[in-house]
Amino acid sequence: MRAIRVHEVGGPEQMRVDQIDVPTPGSKQALVKIDTSGVNFIDIYFRTGLYKADAPFTLGMEAAGVVEAVGPDVTEVAVGDRVAYAMSRGSYAEYAVVPSATLVKVPEGVTLETAASVMLQGMTAHYLSHSTFPLEKQHTALIHAAAGGTGALLVQMAKMRGARVIATAGNSEKAARAKAVGADEVIVYSEQDFEAETRRLTNGVGVDVVYDSVGAATWEKSLGSLKPRGMMVSFGNASGAVPAIQPLILSTKGSLYLTRPTLASYCANREELLWRAGDVLRWLASGSLQTKVHQVYPFEQAAPAHIDLAGRVSAGKLLLKP
Ligand code: NDP
C-alpha cells in the first residue's frame with residue numbers, strides 16, 4: 001500500500017510516498033481502508049519535529065473509511081462498518097491499523113469525506129466549549145483564527161451554547177467567513193490591535209475566556225484581553241510555541257487561569273469519545289453544524305497541502321485522498 005512517511009523531520013519535501021506492507025490488526029485493533037484523511041496542524045508539528053516520533057513514521061491523525069478486518073477481542077466495530085477516528089497516527093495511507101476503541105460509526109446521511117473533516121477539529125471544538133471552559137449565555141469568548149478548521153467549528157458551538165463571540169481572522173475574506181458561522185464581532189487582527197478592540201467591545205471589562213490556537217504571536221495580547229479571573233485556553237501553536245512564562249504574569253493580569261489542553265486528555269475513555277463524536281456527527285447530519293472543505297488534495301499533493309495550512313492560505317478543512 002502507499003503511505004506518506006517522514007524519514008527525517010524537516011520541511012514539506014520530507015514527506016515521501018512509500019510503498020509498504022498493509023499492516024495486520026492485533027488484539028483490540030481494526031484495519032481501516034482509508035477513504036479520506038484529514039490534514040491538521042498537528043501533522044506539521046510531527047513533520048517538523050516539534051512533536052516527537054521515531055522515524056520513519058506515517059503522518060496523519062484523522063480519517064474516515066471502512067473496516068476491512070478486525071483483530072481478536074474487537075467489540076466496537078465489524079467488517080464493512082463505515083467509521084471515523086482521530087488521534088491515532090498513520091492516516092496518510094491507504095490502510096491504517098487503529099485501536100478499535102477509538103473508532104466511531106459514521107451515521108447515515110454523513111459522507112466519509114465530511115466525517116474525516118470534523119473528527120479532530122470538531123471534537124476539539126466540543127471539549128473546548130463544553131468542558132475546558134463550559135460556555136454559558138452570560139459569557140463572552142475571544143476566539144482566534146475563527147475562519148480556520150477548528151476556529152469555525154468552535155464559533156458555531158460557542159453560539160449553540162449562547163455565548164457572545166468576539167472572533168479574530170487574518171483578512172477580510174476570513175472575517176466574512178467567521179461572521180457567516182455566527183461570530184458576533186470580528187477583528188481583523190493583522191490590521192487591528194485585537195487587545196484594544198476586545199477591550200473596546202467589552203466596555204473595558206475584557207472577556208471571560210480566550211481560546212488561543214495561534215500561540216507565540218497572540219499570547220501576550222490574549223492575556224491582556226481577559227477580565228480578572230478569566231481563563232486563557234492556549235490550545236495550539238500555529239505561529240510557534242509560546243515561550244517559557246513566569247506564573248507571576250497571571251497575577252499581574254488579574255488572577256488569571258491558564259490551561260494548555262489536548263484532545264487526548266479530553267477523549268480519555270470511550271464514553272467521552274462517543275459523547276463528543278456523537279454530538280458532532282449528529283449536528284452535522286441535522287444541519288445544525290456546518291463544515292467547509294478548503295480543498296481535497298491527492299496523495300502526491302501532501303506538500304502543497306501543508307504549505308497552504310502553514311501559510312495561512314486555507315479557510316476551512318484540508319483533506320487528503322489516498
Ligand atoms: P487552521 O485551519 O485554524 O489554520 C491555522 C490558522 O491559524 C491559519 O489559517 C491562520 O488564520 C492562523 N494563524 C495565525 N498566525 C499564523 C501563523 N503565523 N502561521 C500559520 N497560521 C497562523 O488549523 P487547525 O484548525 O488545524 O488548527 C488550529 C490550531 O489548533 C493549531 O494550532 C492546532 O495545533 C490547534 N489544535 C489543537 C488541538 C488540541 O487539542 N490542543 C486539536 C486541534 C487543533 P488567520 O489567517 O485567520 O490568522
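**Figure 1. Surroundings of Q156.** Apart from its neighbours within four places in sequence, Q156 is in contact with V181, S288, L289 and Q290, where contact means heavy atoms within 4.5 Å. The model is predicted: local features need pLDDT of at least 70, side-chain atom pairs count only at pLDDT 80 or more, and totals for chains, interfaces and linings use all residues. Residues are numbered from 1 along each chain as its sequence is written, and side-chain values use heavy atoms, with hydrogens and water left out. Q156 is placed in helix α3, which covers residues 149–160; helices (H or I, at least four residues) and strands (E, at least two) are DSSP runs, numbered from the N terminus. With a relative accessible area of 9%, Q156 is buried. The terms are set as follows: buried means under 20% relative accessible area, exposed over 50%, and partly exposed in between (1.4 Å probe, protein chains only). The C-alpha atom of Q156 is separated by 6.1 Å from that of G182, and the two residues are 26 residues apart along the chain.

**Figure 2. The salt bridge between D18 and R5.** The side chains of these two residues meet in a salt bridge, with 2.9 Å from N to O. This pair links distant parts of the chain, with D18 in strand β2 (residues 15–19) and R5 in strand β1 (residues 2–6), 13 residues apart. A salt bridge is defined as a side-chain nitrogen of Lys or Arg within 4 Å of a carboxyl oxygen of Asp or Glu, and by this rule the count comes to 14 salt bridges. Both D18 and R5 are buried, the relative accessibility of D18 being 11%. The side chains of D18 and R5 also make a polar contact, at 2.9 Å. A polar contact is a pair of N or O atoms within 3.5 Å; within protein, one must be able to donate a hydrogen and the other to accept it, and residues adjacent in sequence count only if both atoms are side-chain atoms. Not counting residues up to four places away in sequence, D18 touches M1, R2, A3, R5 and H7.

Figure 3. K321 counts as partly exposed at 25% relative accessibility. D35 is partly exposed, with a relative accessible area of 27%, and E113 is partly exposed at 29%.

Figure 4. An N or O atom in the side chain of T150 is 2.6 Å from an oxygen atom of the ligand. For Y45, a polar side-chain atom lies 2.9 Å from an oxygen atom of the ligand. S213 places a backbone N or O atom 2.9 Å from an oxygen atom of the ligand. Taken alone, the ligand exposes 900 Å², and the protein buries 91% of that area. Accessible areas come from the Shrake-Rupley method with a 1.4 Å probe; for residues, only the protein chains shown count as cover.

**Figure 5. Domain 1 and domain 2.** The domain assignment gives domain 1 (2–119 + 268–321) and domain 2 (136–260), with bounds that come from an automatic or database domain assignment. The centres of the two domains, taken over C-alpha atoms, are separated by 28 Å. In domain 1, 15 residues are in contact with 15 residues of domain 2.

Figure 6. The peptide bond from A55 to P56 is cis, with omega near -5 degrees. P56 lies in the loop between α1 (41–48) and β4 (57–58). D73, although not a glycine, has a positive phi of about 65 degrees. The loop that holds D73 runs between β5 (62–70) and β6 (82–86), and D73 counts as exposed at 54% relative accessibility. N203, likewise a residue other than glycine, has a positive phi near 50 degrees. N203 is found in the loop between α5 (194–201) and β12 (207–212) and counts as exposed at 74% relative accessibility.
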